[in-house]
Amino acid sequence: PGHVLVTTRHSGFKTLGPVRTLDVIHLDEAVALIRKRVPAVTVETAAAIAGELGQLPLAVEQAAAFLDETTMPGPEYLNLLKTRTAQMLGEGRVAGHQDTVATLWEISFDKVAEVNPAAGQLLDICAYYAAEPIPLDLFTNHPDELPEPLQSVVTDPLAFGKAVGTLVGYSLATRTTDGLQVHRLIQAALRARHDAASDGSPG
């Protein structure tokens, strides 16, 4: 007798039992998490940091760990977060967790590009839109503006559905009634990755 609780970043497990989707944490909880680790950070600054991080649990915990490790003043960290977002996502180590938000996303970016190249191209393009739901017909109505293989995929509803599903399955995007939405921090990490590739830098 008993229960088995499985945590995963992938979807498609409803046949095994009830699935509960965990979203971002509430702002009050994020502030409490930061201030429990670093009491010197004011409520206002902690709230601003959490807001910049989109209240993503691991990102908030990383921020708290970095502030604790470096004793950097909260306002200084907040400024770095605003001006060097992608770089700061790789800073701070959470106890018992080897990966950062940045490294977890890098692994997912590479895997998506491997299993579904069109999905990888779709994600790359979405990195340059606003962090609001992007209408899918923006792609299906303009295939000639897209690179291959995405160009061919958007003309096939089944193939395009699989490409979108790949991004959702790897927790890199959310499909809503209004379209496909990519978190702004994921967008920032993707843009930094593209910049590094353009510069010939590793990563």
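In the predicted model, helices α6 and α7 pack with their axes 5 Å apart, at an angle of about 135°. On the α6 side, the contact is formed by Phe109, Val112, Ala113, Glu114 and Val115, and α7 contributes Pro117, Ala119, Gly120 and Leu123.

Both helices also take part in the packing around α10. Helix α10 spans residues 157–169, and its buried residues are Phe160, Ala163, Val164, Thr166, Leu167 and Gly169. These buried residues pack against α6 (101–115) and α7 (117–126), as well as α8 (137–140), α9 (150–153) and the strands β1 (174–176) and β2 (179–181). From its first C-alpha to its last, the 13-residue helix α10 reaches 18 Å, close to the 18 Å expected at 1.5 Å a residue. The N-terminal end of α10 is capped by Asp156, which places a side-chain oxygen 3.0 Å from the backbone nitrogen of Leu158. After the helix comes Ser171, with a positive phi near 60°.

The largest nonpolar core comprises 58 residues, of which Ile49, Leu53, Tyr77, Trp105 and Leu122 touch the most other members. The greatest contribution to this core comes from helix α3 (residues 57–70), which supplies seven residues. With residues up to four places away in sequence left out of the count, Tyr77 touches Ile49, Ala63, Phe66, Leu67, Met72 and Met88.

Methods:
Residues numbered from 1 in each chain as written. Predicted model: local features only at pLDDT ≥ 70, side-chain atom pairs only at ≥ 80, totals over all residues. Heavy atoms only, no water. Core = buried A, V, L, I, M, F, W, Y, C linked by side-chain atoms within 4.5 Å. Buried < 20%, exposed > 50% of the residue type's maximum accessible area, 1.4 Å probe, protein only. Helix = DSSP H or I, 4+ residues; strand = E, 2+ residues; numbered from the N terminus. Contact = heavy atoms within 4.5 Å. Expected span 1.5 Å × (residues − 1). Polar contact = N/O pair within 3.5 Å; in protein donor to acceptor, adjacent residues only side chain to side chain. Axes fitted to C-alpha atoms, helices over the stretch in contact; angles between N-to-C directions.
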